[in-house]
Amino acid sequence: MIPYGLQTEQRIEPLGLGEPQPRLSWKLRSDRRGAAQSAYRITATADGETVWDTGRRQSADTILIPWEGAGLRSATRYHWRVEIWDETGTAGSTAETWFETGLLHREDWPAVWIGRDPVALPPVDPPTDEDLLAPGPEEAPLYLRHEFQLPERPVRARLYATAHGVYEPELNGARVGDRELAPGWTEYHHRIQYQTYDVTEQVRAGDNTLAAVVADGWWSGYVGFDPRRPARHYGDAPGFLAQLVVDLPDGSQQTIATGSDWTESDGPIRAADLMMGQYVDARRAVSGNRPVAVLDTAVGPLVAEPDEPIRVVTELPAVAVDRRAPDRFVIDFGQNLVGRVRLTLPGMPGGRRITVRHAEVLEDGELYVANLRRAAATDTYLTAGGDTEVFEPRFTFHGFRYAEVTGCTEAPGAVARVLHSDTPWTGRFECDDPMVNQLHANIGWGQRGNFVAVPTDCPQRDERLGWLADAQVFAPTATRNADVSAFFARWLRDVVDGQNDDGAFRDVAPIIAFEREGAPAWGDGGVIIPWLLWKTYGDRRVLERSFDAMARWVEHIHRHNPGLLWENRTGNSYGDWLQVDAETPRDVLATAYFARSTQIVAQAAEVLGRPAAGYRSLHAAVTEAFQDAFVGDDGSVKGSTQTGYLLALAFGLLPDTMVDAAVGHLAADIERRGNRLTTGFVGVSLLCPVLSEHGRADLAYALLHQEEYPSWGYSIRHGATTIWERWDGWTDHGGFQSAAMNSFNHYSLGSVGDWLYGRVAGIDQTPDSVAYAELLLRPTPGGLLTWASAEQETARGLVACGWSRDDDRLTVTVTVPPGCTAVLQIPTADPGSVRENDLPATETAGVIQAEPSAAGLTLRLTSGRYTFTASTTPV
Ligand code: RAM
């Protein structure tokens, strides 16, 4: 049995950790059935000294074990190793890793914020014709610079840096690190993240230059759909803060920090904005040496970056470059993606204007940009002149599949550079239906493109906001595809900070434009996501840190709705947003969420050992109020919409005696429409899971395979490579939906991904399990599929489940990580036929219990890899 994937604070080898009591985790892998950890020992060292030794601890724990070693020092590298003992008490292998602390104390920061001194700006030349299209000097990014000398080459050098805006550091002319759009976007009024870079190899003896380019970013650029510029959400202009700490061979230390002795210059980037694009005049060198202003900003609130930054994660080559005019090309990258284009331009005279526009879709063969609204998404490059030139904008990103390049007469080389918050990818799903595989791919691309600093609704138009409902419906799917533990935990701090004095969460976090109280299913994201992180990753700390806010949200709803139906203070009350041909009553949806959030708060209170009884009884009372007001004697739910039934069934709001009737109403509505859905953002996440849970996997499959409008298949049939915002984003009958709101890259309707993993392939956990300790494996052969399989790298190790069938045999393959158990349900009408190799399931090593039922055979398994076969006589 081998420990692997060691993490500190849910990250591998984090550099610049800010958490004073980090938590350590490892995963386990073994080929042996029943393998489990019985004990562990953690030892940690810093500067060659032992700072923690747990000794042998009799414990199966592997996740998020809090640091109990010596108090952590700033800027120190800690090495830790874990040794494990297996279930027989035999010492097993060890594994090691490290983390390095950032600057843990305010006093660690001698640096001061610097920015442009408007008084020092050069006089503006009268504009030439060409310049009329160019941005003014006050919009240009900051080119900051500082020269310094070192007596010797350092043995260690760290750069700590952050910005008001987005920045890229440089040392001695070379870029530092691989982060994009640092410091990311947080609720800047409450905290700005700093980044830590290991620059030991980039600093030298003698003369050195530390530089940075800083653009507006979220700080002072366009954000959301607020047309003001600068929108002054945070500040008027960019700023920068950095310090380079070098350790010299003689044991001395020097700190080079931002201050009044830095200078500012002009450079080729004349303007850069996340939504508008970047304007580069390559003829301009970095020149001039103007004094900077020391900004009147108190240092802080600075926090260490707690999750993986945004990076360029992959590149896609152009699949077609189509000449449309002597100097105009339309390029297809074959995939709706988020990032930017890197152009390789043929040799040209200086000053040629190259323009790159972006679009997700084409209309009559040309870029369709109406749905970008005010986001210009246009990059401009004035050539330097001479040989081949490479242009890639740096301080902007676009959502696009197509790019139009104007201004060169020879086809440019083009590569799409895909960027997103670099959450490690952990999931794989596959089956034999290409359309379903495409759906899964579309969901993954929607996740990539919309996990950029915060979980956004869309990446292309003038919006790109952290909408809470979108996030909460999609989060379960996101946890399947990637390790989003640290990403969501960080964003939740913004959600909590956004709560108003009355206890209301908002619709979006960070708060931009939407000052109103959160709507039902939107504000509830502040309750649902911390709970999900606890259940999926075993992250108790995020639950503790969110708990008071979660409770205040429920109390806020209760206080304004003493009748227990959520009718007042519903904010923008979006209902089942973008549903089709059905109107779920808002009070039904709101009250269902009131019940659900109250239930979660009660459960969270129990986990944390806080008083839960009050929330338990409130939950019972809201459920009763829901039944009295909305549920008919025949099991109907007011409004009789699919989403109404889904909410009532998924959230347990019906008396047991009415569940079957409600399932009947739900199924009848779907069937009456020819196996079509009507669900919007809220209902869709429950649709297939509820049908599977209540014996109608057949209908869930019918919806999955549906290719007529409205369905996932319909969008795929029309070329979708991401999930659309609306079922009718484009239809045969109506063409494009209103450009006022029509994104082709929204993840919400992709929340079905959770069901692909959880039911189609069959990976889930039992209701009381935390972090997949007790798996619930329910492979569900059905629909047009003859096989499906999924794998997930969970917090405890690799989980897999897959099945295949032919005319008379069903084969089920599962992997249960060491220390975990599994309840595996094998669907067969002949439970006695289940075997592994030639042995009946009951005699198979690792099978603890076997229970036949009408639905098949339920096996309780220890850890290990298993392959069972069963007869496929229909159940
Ligand atoms: C749209 C957003 C988002 C949704 C809100 C209500 O503008 O794109 O997806 O949550 O409206």
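The structure is a predicted model.

Around it stand Asp457, Arg461, Glu463, Trp467, Asp470, Trp522, Tyr574, Trp577, Phe681, Glu725 and His746. Sorted by class, this shell comprises five nonpolar residues, five charged residues and one polar residue.

For Asp470, an N or O atom of the side chain is 2.6 Å from a ligand oxygen. Glu463 places a polar side-chain atom 2.8 Å from an oxygen atom of the ligand, and in Glu725 the corresponding distance, again from a polar side-chain atom to a ligand oxygen, is 3.3 Å. The ligand on its own has 290 Å² of accessible area, and the protein covers 95% of it.

The largest cavity contains about 190 Å³ of space. Its lining consists of 20 residues, and those nearest the centre of the cavity are Lys27, Asp483, Tyr537, Thr794 and Ala795. Several secondary-structure elements contribute to this lining: strand S1 (2-8), strand S3 (23-29), helix H5 (525-537) and strand S42 (787-793) each supply at least two residues. Strand S3 provides the largest share, with three residues. In terms of domains, domain 1 (2-101) and domain 4 (774-871) each give at least three residues to the lining of the largest cavity. By class, the lining of this cavity holds ten polar, seven nonpolar and three charged residues.

The second largest cavity has a volume of about 100 Å³. It is lined by 16 residues, and Pro183, Gly184, Glu305, Pro309 and Ile310 are the ones nearest its centre. The lining of the second largest cavity is made up of seven nonpolar, six charged and three polar residues.

To follow this description in the model, the reader may start at the ligand, with Asp470, Glu463 and Glu725 as the side chains whose polar atoms face its oxygen atoms at the distances given above.

Definitions and conventions:
Residues are numbered from 1 along each chain as its sequence is written. This is a predicted model: local features need pLDDT of at least 70, side-chain atom pairs count only at pLDDT 80 or more; totals for chains, interfaces and linings use all residues. Side-chain values use heavy atoms; hydrogens and water are left out. A residue is near a molecule or strand if one of its heavy atoms lies within 4 Å of it. A polar contact is a pair of N or O atoms within 3.5 Å; within protein, one must be able to donate a hydrogen and the other to accept it, and residues adjacent in sequence count only if both atoms are side-chain atoms. Accessible areas come from the Shrake-Rupley method with a 1.4 Å probe; for residues, only the protein chains shown count as cover. Ala, Val, Leu, Ile, Met, Phe, Trp, Tyr, Cys and Pro count as nonpolar, Asp, Glu, Lys and Arg as charged, and the others, Gly among them, as polar. On a 1 Å grid over the protein atoms alone, a cavity is a set of points where a 1.4 Å probe fits but cannot get out, and a pocket is an open set with protein on both sides within 12 Å along at least five of seven lines; lining residues have an atom within 4 Å of a point. Grid points are joined across faces, edges and corners, and a volume is the space filled by probe spheres set on the points. Helices (H or I, at least four residues) and strands (E, at least two) are DSSP runs, numbered from the N terminus. Domain bounds come from an automatic or database domain assignment.
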